[in-house]
Amino acid sequence: MGKKGIKTKEEIRRQAYLLFAEKGFQAVTMTDICEKTGLSRGGLYRYYSGTGQIFSEILTEEYAVLGRIEKKDKASEILEDMLEGIRSEIMEKELSLSLAIYEYANMGNEGFFAMVHEQAKKRWISLLEYGIETKEFHEVDVGQVSDLILYYYQGLRMWSRVIPFDGEVAEHYVKTVKQLLLKGGTGI
C-alpha cells in the first residue's frame with residue numbers, strides 16, 4: 001500500500017473513532033463513515049470490509065512504547081506522554097470509546113478484548129521494567145502495578161460517560177501513577 005493509501009486508512013480510522021465515540025458501535029454504519037470521510041462506498045470498502053474491522057484496528061493501534069524504549073528515551077518521559085494521553089481521554093468524554101467497546105464486546109468479541117488487554121498490559125510491563133532497569137522507577141511488582149494502572153484507567157473512562165468529572169479526577173489518576181512509580185516522589 002502506498003503513502004496515499006496509508007493516509008486514507010488513517011483518516012478513515014480517525015473519523016470512525018469520532019463516530020464510535022459519539023454513537024457507540026452498533027449505531028455506526030459504513031454509510032456514516034462514507035459521509036464523514038467523503039469517500040464513496042466502493043472507496044471505503046477498498047480498505048475495510050465493515051465497521052467491525054475498522055473498530056478492531058482502532059483498538060489495536062499500538063502506542064510507540066517499544067520504539068521509544070529501543071531508542072533509549074527516558075522512561076519518565078515515556079510515562080509522562082502516556083499519562084497525558086490518558087488524562088485527555090478521561091476529561092474528554094466525547095472521545096471515549098467506552099460505550100462502543102461495551103457494545104462490541106457483548107456481540108461475542110470477548111476474546112478480542114482479552115487480546116487487546118494483554119497487549120496493553122505487555123506495553124505497561126515493558127515500560128515498568130525499563131524504568132526499573134534505568135533506576136527511574138521504584139522497584140514494583142510490574143504485573144500488579146500494570147493491572148492497577150489499566151483497571152483504574154478503564155474505570156475512569158467508563159464512568160466519565162455518566163458522571164461529569166472535573167480536572168481534579170484526571171489529575172488524581174496521573175499523580176497516583178507518578179507517585180507509585182517515579183523515584184523522588186512523595187509516595188501515596
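This is a short tour of one structure, stop by stop, for use with your viewer.

The model is predicted: local features need pLDDT of at least 70, side-chain atom pairs count only at pLDDT 80 or more, and totals for chains, interfaces and linings use all residues. Residues are numbered from 1 along each chain as its sequence is written, and side-chain values use heavy atoms, with hydrogens and water left out.

**Stop 1: an aromatic cluster**

Select Phe20, Phe25, Phe55 and Tyr104. Ring pairs link these four residues into a cluster. Rings of Phe, Tyr and Trp (its six-membered ring) pair if their centres lie within 6.5 Å; planes under 30 degrees apart are stacked, over 60 edge-to-face, and the rest tilted. The count for this model is seven aromatic pairs.

Now show Phe25 with Phe55. Their ring centres are 5.2 Å apart and the planes meet at 50°, so this pair is tilted. Phe25 sits in the loop between helix H1 (3-23) and helix H2 (30-37), while Phe55 is in helix H4 (residues 51-60), so the pair ties together parts 30 residues apart in sequence. Helices (H or I, at least four residues) are DSSP runs, numbered from the N terminus.

Buried means under 20%, exposed over 50%, and partly exposed in between (1.4 Å probe, protein chains only).

Phe25 and Tyr104 form an edge-to-face pair, 4.7 Å centre to centre, with 70° between the planes. Tyr104 lies in helix H7, and the two residues are 79 apart in the chain.

**Stop 2: salt bridges**

A salt bridge is a side-chain nitrogen of Lys or Arg within 4 Å of a carboxyl oxygen of Asp or Glu. The count here is 10 salt bridges.

Select Lys178 and Glu80. Their side chains form a salt bridge at 2.7 Å, N to O. Lys178 is in helix H10 (residues 167-181) and Glu80 in helix H6 (residues 75-91), 98 residues apart.

Next, pick Asp147 and Lys121. Their closest N and O atoms are 3.0 Å apart in a salt bridge. This pair links helix H9 (residues 142-160), which holds Asp147, to helix H8 (residues 110-133), which holds Lys121. Asp147 is partly exposed at 24%, whereas Lys121 is buried at 17%.

Then select Lys9, Arg13 and Glu57. Salt bridges that share partners join them into one network.
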